[in-house]
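Hi everyone, thanks for making time this morning. Have a look at the model on the screen while I get my notes in order.

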There are 2 protein chains.
Amino acid sequence: MPIYNFSAGPGMLPAPVLREVQAQFLSYKESGVSIVEMSHRSKRFTELARHLEERLRRLMAIPDEYAVLWLQGGATLQFSMVPMNLKTAGRFAYLDSGVWSQKAIADARRVGTVDVIGSARGVGYSELPTWPETIQGADYLHLTLNNTIEGTRYTALPETDVPLVADVSSNILAEHIDVRRFGLLYAGAQKNIGPAGLTVVIVRRDLISERDVPSYLSYENHVDTLLNTPSTFSMYVAERVLAWIEAEGGVDEMERRNRLKSERLYRALDTSSLFRPLVTDTTSRSLTNIPFTTGNEETDEAFRLYAEARDLIELGGHRSVGGLRASLYNAMPLEGVERLVDTMHEFEQEGHHVSYKNV
Amino acid sequence: MPIYNFSAGPGMLPAPVLREVQAQFLSYKESGVSIVEMSHRSKRFTELARHLEERLRRLMAIPDEYAVLWLQGGATLQFSMVPMNLKTAGRFAYLDSGVWSQKAIADARRVGTVDVIGSARGVGYSELPTWPETIQGADYLHLTLNNTIEGTRYTALPETDVPLVADVSSNILAEHIDVRRFGLLYAGAQKNIGPAGLTVVIVRRDLISERDVPSYLSYENHVDTLLNTPSTFSMYVAERVLAWIEAEGGVDEMERRNRLKSERLYRALDTSSLFRPLVTDTTSRSLTNIPFTTGNEETDEAFRLYAEARDLIELGGHRSVGGLRASLYNAMPLEGVERLVDTMHEFEQEGHHVSYKNV
């Protein structure tokens, strides 16, 4: 019986990719050398990096006027690199849709002046913030396109001439994203791309300029070159994951599957008498991160353990919000969601929540 | 016949570790989940991270008053994080011993005033810089303890009350380093620790304080906690590499082997009529990085190809200096060096350098 891993990241990766990585681990492409021992300046690795970029460009239809950078430090480091590199007037507009937005805002405040032009704090982030009709005088407008913790996602975007910047860590390659609508997109790899330790930045070349910031922190130094040793293993696995997505039918097919999976789980949550979803506004529900609860902390924990004993793991909510959460990234098969739904029913019918509550 | 990889990094890793990683890749410790799919907040990974730190503390005798941080971005990101975090008066002293020192200096200049108190530029970095007898008025003194590109290393350190900061990327765990002599040590993992994408910082706790810098860039946010998702796979392999070092006899044994290996190669270089070492000052020769040349660019390249055809790979010098270079990290066995020495003799005796030159 397979284990279904609902972790929000690092998360499940496609099983065929993991098997291939294992098979190739001691000798990458019959080189006699492991990928982890290979110089990032070697011919083989240079080729690998090129394939990785080409695949991402094909999968997301990234035009040539955008550069693709492979960095380290996670989305967290981008929280400061974005304002450092896009600063012109020094005023930045942000939409506050949850924990990760707040962290991005806090870091931008150390670089310039932040205008939070919309916040969903008042409703506990269970829906998305609204924004003013006109947005002006900002170097960019930042939003978190999919909120990993709160389980919301934008399906409409502000109409504005200000460049849009989005954190797409938890929905990149999981659903269609129109790159041309954005000035810059960034994502940590550890959800839909590959192992942790890798961050991808997709940025319109005309937004990049020489900056008086330290070398690693300047986008310009990373354009079309490797400034220093990147996360070579993560890039290798990412290239294989992207090959898998292409072979499976691309991002459209991933989105189709993710819709099926999230609809299946939401249907169960909307009709359950024990569990309820945290995001009630159906138009802003994430396809990839679905927080839910029984409304009782002990019963939530009882279910988490009940599911874990049945090989459905990492269903705990983020430590900042508690409750339960199922992350349904590309590598999670529909069967995993069906098993989860069945297990929710069993738990409910067996009345475990009562006995667990009394433990 | 094994392949011997003389890459300066990412470099050779111990074969038994690679085999173990491969065997465990689909199911870490019988969890049914790959290490690359495992949440960095999970119990299993938390334990792994603890073991990693404990092993490093034992191997390097790191006292409790030092924190150990596992970061990303390579030594390059430390070039700016060091001055950002240790800045008090805003004056930094640097010793310039080569390419990597220069990069560190350039980044520090964006944060404060740099005094280069000694430079080996005048002698083409073939020996180490000297330093003034008294060093005062600096927040710290930075040096590159082992110069990966130029092949020099410090065996004596300045006597000063100013905290010493050292880049130890290419000699950490390869030879004894007295941690107590330093305020801060940092190293990219991809030479003697594990796969790329991981940087370790060992810093005296009293030097860390709250800083008005973005979240990722503040040491304080990384002390005794994971601020965000780290390079989980690299940390896993690093833990296994450190276990291997401990089992083999620790850093003293690594240093003993590295001395044997470097002496073997230097003996050949010092007595060769074709090859010569770039570092002539015998007291400052690196144990891990040995640059050499025939004095002729084409013959160097001919030898690189000759060796490569005999499974001795990555012998090219750094693109900034050219020539040849053998990096002899912990995972390189003595047999690899003997093969290299034999191959140098064969190349010389067969007169290949002549015919190759005329190609």
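I'll walk through the sheet, then the domains, the contact between the chains, and a few local details.

Some ground rules to start. This is a predicted model, where local features need pLDDT of at least 70 and side-chain atom pairs count only at pLDDT 80 or more, while totals for chains, interfaces and linings use all residues. Residues are numbered from 1 along each chain as its sequence is written, chains are lettered from A and ligands numbered from 1 in the order in which they are written, and side-chain values use heavy atoms, with hydrogens and water left out.

Okay, the sheet. Two strands pair if DSSP finds at least two bridges between them. In chain A, seven strands make an open sheet with mixed pairing, in the order 2-8-7-6-5-3-4. Which strands stand at the edges? They are strand 2 (66-71) and strand 4 (113-119) of chain A, and each has a single partner strand, so one side of each has no neighbour in the sheet. On average, neighbouring strands here are turned by 20° against each other, direction ignored.

Let's zoom in on one pair. Strand 3 of chain A, residues 91-96, pairs with strand 4 of chain A in the parallel sense, over six bridges. A:R91 has A:T113 as its bridge partner in strand 4 of chain A, and A:D96 stands opposite A:S119. Helix 4 of chain A, residues 99-108, packs on the sheet and touches strand 3, strand 4, strand 5 (141-144) and strand 7 of chain A. The direction of helix 4 makes about 165° with that of strand 3 of chain A. For these angles, axes are lines fitted to C-alpha atoms, for helices over the stretch in contact, and the values run from 0 to 180 degrees between N-to-C directions.

So is strand 3 of chain A mostly covered or uncovered? Mostly covered: five of its six residues are buried. Buried means under 20% relative accessible area, exposed means over 50%, and partly exposed is in between, using a 1.4 Å probe and protein chains only.

Helix 3 of chain A, residues 74-86, lies across strands 2, 3, 6 (164-167), 7 (184-188) and 8 (199-204) of chain A, and runs at about 160° to strand 7 of chain A. A:S80 sits in helix 3 of chain A, and A:S80 is buried, with a relative accessible area of 0%. What is A:S80 in contact with, leaving aside neighbours within four places in sequence? That would be A:D107, A:V111, B:P214 and B:L217. Contact means heavy atoms within 4.5 Å.

Next, the domains, whose bounds come from an automatic or database domain assignment. Chain A is divided into domain 1 (15-248) and domain 2 (249-354), and their C-alpha centres lie 26 Å apart. Across the boundary, 27 residues of domain 1 of chain A are in contact with 29 residues of domain 2 of chain A. The two domains bury about 2,200 Å² between them, and carbon and sulfur atoms give 50% of that. Buried area is the accessible area (1.4 Å probe) that two parts lose on being put together, summed over both.

Now chain A against chain B. The contact takes 57 residues from chain A and 57 residues from chain B. The chains bury about 4,400 Å² between them, 60% of it on carbon and sulfur atoms. In chain A, the residues that lose the most area to chain B are A:Q22, A:E37 and A:R110, together 14% of what that side buries.

Last, some backbone details. The peptide bond between A:G9 and A:P10 is cis, with omega about -10°, and A:P10 is in the loop between strand 1 (4-5) and helix 1 (15-24) of chain A. In chain B, the bond from B:G9 to B:P10 is cis too, with omega near -5°.

A:E30 has a positive phi of about 60° although it is not a glycine. You'll find A:E30 in the loop between helix 1 and helix 2 (43-60) of chain A, and A:E30 is exposed, at 76% relative accessible area.

Notes:
Helix = DSSP H or I, 4+ residues; strand = E, 2+ residues; numbered from the N terminus.
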